[in-house]
Amino acid sequence: MKEAMQRLREASIQAILESDSPDSLENLRVKYLGKKGELTAILRQMGKLSAEERPAMGQLANQLRGDIEASIEKRRAELNEAMLAKKLEREALDVTMPGEKPQLGHKHPMYNVLDQIKEIFIGMGFEIVDGPEVELADYNFTKLNIDEGHPSREWTDTFYFTEDSRILLRTQTSPMQIHAMEAKELPIRMIAPGRVYRKDEVDATHSPMFHQIEGMVIDKGVTMSDLKATLNLVVEKIYGKGTVTRFRPHHFPFTEPSCEMDIQCHKCGGKGCPTCKGEGWIEVLGAGMVHPKVLAGCGIDPDVYSGWAFGMGLERLAMGEYKITDLRLIFENDVRFLEQF
Ligand code: PHE
């Protein structure tokens, strides 16, 4: 029996040393130490031994089991280490190799114009604010002094979400005036750029979605001359020093007085050309002094505070700046168009 154990020891250690994978090691463990393994087979013959011989043989068998287990573990560790080394080698990364340069695009031309305008207003101490495109009719109309029955509230002009005409897609950024007055500490200097929606058919100058920039100042002693001076400065920054503006009387329900601002055509200097459609002037924005009723509705005392506001179309500005003749090009995202800027 002793000899059998010695043979088992030699054979198993040899086989374990030669094994080359965790699977084959496991097979060897079952083969030698398993329930139906070779060591168990030898131990079955213990019954034939005398009572004096048994303890010594038992001890030998235990020692053999321990040794085989130990050499399996040792081999397993060696194999694991070798596998890890191989894996590291396979996955090694040469960080000195030149990388692949991703092809970067650039900002949309209209957003370049928006960035430029933001910069100008930030430089004058204005804050840039953002607000909901899905809006309450209260904010888009009522609080702006646009009563029930006003034509712009018609279902033919405005996208409504609810039968009761309570929720809509904002038709202008002017509701941001109300949000700012309700939420902010006075004085306020803000611009609010964003998308607006109207039921317009798509053509070269119309789209059911376009962008406006709202601007507003509320403080003590603010006058129409502040409005004119500020807008003149902005226009000179965009179109160059000496750009001529004119302010024409107009009507908006939420400003009083109201006006529209034109710039003298920078292409023909006012003589009339295709850019200004022969007019000599290009309409840029609507503006005015915030209506006392609107101030009061937002909890601001119109006897103490006053303010001005303007709203301008961003697409039109970008079209002027980049000489784009068709509004649709701005939204179609045709790379051949966008690459030109
Ligand atoms: N919201 C107006 C429009 O869409 C523009 C405007 C804004 C006029 C602010 C006056 C003051 O036409």
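## Notebook: ligand shell, cores and backbone

I began at the ligand, where a polar side-chain atom of Arg198 lies 3.1 Å from an oxygen atom of the ligand. I count such a pair as a polar contact, that is, two N or O atoms within 3.5 Å; within protein, one must be able to donate a hydrogen and the other to accept it, and residues adjacent in sequence count only if both atoms are side-chain atoms.

I note that this is a predicted model, in which local features need pLDDT of at least 70 and side-chain atom pairs count only at pLDDT 80 or more, while totals for chains, interfaces and linings use all residues. Residues are numbered from 1 along each chain as its sequence is written, and side-chain values use heavy atoms, with hydrogens and water left out.

Entry 1. I next looked up Gln212, whose side chain has an N or O atom 3.0 Å from an oxygen atom of the ligand. For Ser174, I found an N or O atom of the side chain 2.9 Å from a nitrogen atom of the ligand. On its own the ligand has 330 Å² of accessible area, of which the protein covers 89% (Shrake-Rupley method, 1.4 Å probe; for residues, only the protein chains shown count as cover).

How many residues surround the ligand? I found 14, the closest being Gln172, Ser174, Arg198, Gln212 and Gly311; a residue is near if one of its heavy atoms lies within 4 Å. By class, the shell holds five nonpolar, seven polar and two charged residues. I take Ala, Val, Leu, Ile, Met, Phe, Trp, Tyr, Cys and Pro as nonpolar, Asp, Glu, Lys and Arg as charged, and the others, Gly among them, as polar.

Strands S5 (209–219), S8 (281–290) and S9 (306–313) each supply at least two residues of this shell, and S9 gives the largest share, three residues. Helices (H or I, at least four residues) and strands (E, at least two) are DSSP runs, numbered from the N terminus.

**Entry 2. Cores.** I then looked up the largest nonpolar core, which has 41 residues; Ile117, Leu231, Leu285, Trp308 and Phe310 have the most contacts inside it. Such a core is a set of buried Ala, Val, Leu, Ile, Met, Phe, Trp, Tyr and Cys residues joined through side-chain atoms within 4.5 Å. Among the elements that give two or more residues to this core are S5, S8 and S9. Helix H5 (109–123) gives the most, with six residues. A second, separate core of 26 residues includes Ile146, Ile218, Val290 and Tyr305.

**Entry 3. The loop between H6 and S3.** Arg153 lies in the loop between helix H6 (137–140) and strand S3 (167–169). Is Arg153 buried or exposed? I recorded Arg153 as buried because its relative accessibility is 11%; buried means under 20%, exposed over 50%, partly exposed in between (1.4 Å probe, protein chains only). The side chains of Arg153 and Thr142 are joined by a polar contact of 3.3 Å.

In this loop I also looked up Asn145, which has a positive phi of about 70° although it is not a glycine. Asn145 counts as buried, at 18% relative accessibility. Ser165, in the loop between H6 and S3, has a positive phi near 55° and is likewise not a glycine. Ser165 is partly exposed at 23%.

**Entry 4. Cis peptide bonds.** I found a cis peptide bond between Leu186 and Pro187, with omega about -5°. Pro187 is in the loop between helix H7 (175–183) and strand S4 (188–197). Another cis peptide bond joins Glu256 and Pro257, with omega about -5°, and Pro257 lies in strand S7.
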